[in-house]
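Here is a short report on a protein and its ligand.

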Amino acid sequence: MDCIFCKIANGEIPATKVYEDETVVAFNDLEPQAPTHILVIPKEHISSAAEVTEENSKVIAHIFEVIAKLSKDLKMDEGFRVVNNCGDSAGQTVKHIHFHLLSGRKFTWPAG
Ligand code: AMP
Ligand code: ZN
C-alpha cells in the first residue's frame, strides 16, 4: 500500500522520531504549526478515526498514553492541544490515522 505514514512507521521514509515502541511511532511534523508539533500514529494502518473499531481501538488508547508521556518528557506544562482531522472536509490529507500534538504557544478556540 502506498501510504507515507506506513513507510515512516517501517523506516522506508525518514522522519525525526521522538518516540517509538512496538505499536506506535511519534515524529516531528514537516510543517510545524506550533513550536512543538508532533504526529503520533499507530504502526498498523487505520485510515481514519471513522475506522476505529472494537478490534483495533487498543492502540488508540495507547496513543493517548504516549501523548501523556511526551507531554511530561517535553515539559508541556502550560498545556497542549491534540488534533485529529477525519475526512476531506476536516482537512485530513494523509489517510493513515494520526494525532497532532501541538504545544508551545497559545491556541484559540474554536480552530486555530
Ligand atoms: P492532516 O492534514 O491532519 O492529514 O495532517 C497531515 C500532516 O502530515 C500535515 O501536518 C503534514 O505537514 C504532515 N506530513 C506530511 N508528510 C510528512 C512527512 N513526510 N513527515 C512529517 N510530517 C509530514
Ligand atoms: Zn498507512
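## Elements around the ligand

Which elements each supply at least two residues of the shell around ligand 1? They are α1 (4–9) and β2 (24–28). Helices (H or I, at least four residues) and strands (E, at least two) are DSSP runs, numbered from the N terminus. The largest share, 3 residues, comes from α1.

This is a predicted model: local features need pLDDT of at least 70, side-chain atom pairs count only at pLDDT 80 or more, and totals for chains, interfaces and linings use all residues. Residues are numbered from 1 along each chain as written, chains are lettered from A and ligands numbered from 1 in the order written, and side-chain values use heavy atoms, without hydrogens and water.

## Contacts

Around ligand 1 there are 16 residues (a heavy atom within 4 Å). D29, N85, G91, T93 and H100 come nearest.

Polar contacts are pairs of N or O atoms within 3.5 Å. An oxygen atom of ligand 1 is 2.8 Å from an N or O atom in the side chain of H100. Another contact pairs a ligand 1 oxygen atom with a polar backbone atom of V94, at 3.1 Å. A ligand 1 nitrogen atom is 3.2 Å from a polar backbone atom of L30. The protein covers 84% of the 500 Å² of accessible area (Shrake-Rupley, 1.4 Å probe) that ligand 1 has on its own.

## Overall fold

The protein has 2 helices and 5 strands. Along the sequence they run α-β-β-β-α-β-β.

The C-alpha atoms fill a box of roughly 35 × 30 × 30 Å along the principal axes.

How values were computed:
A polar contact is a pair of N or O atoms within 3.5 Å; within protein, one must be able to donate a hydrogen and the other to accept it, and residues adjacent in sequence count only if both atoms are side-chain atoms.
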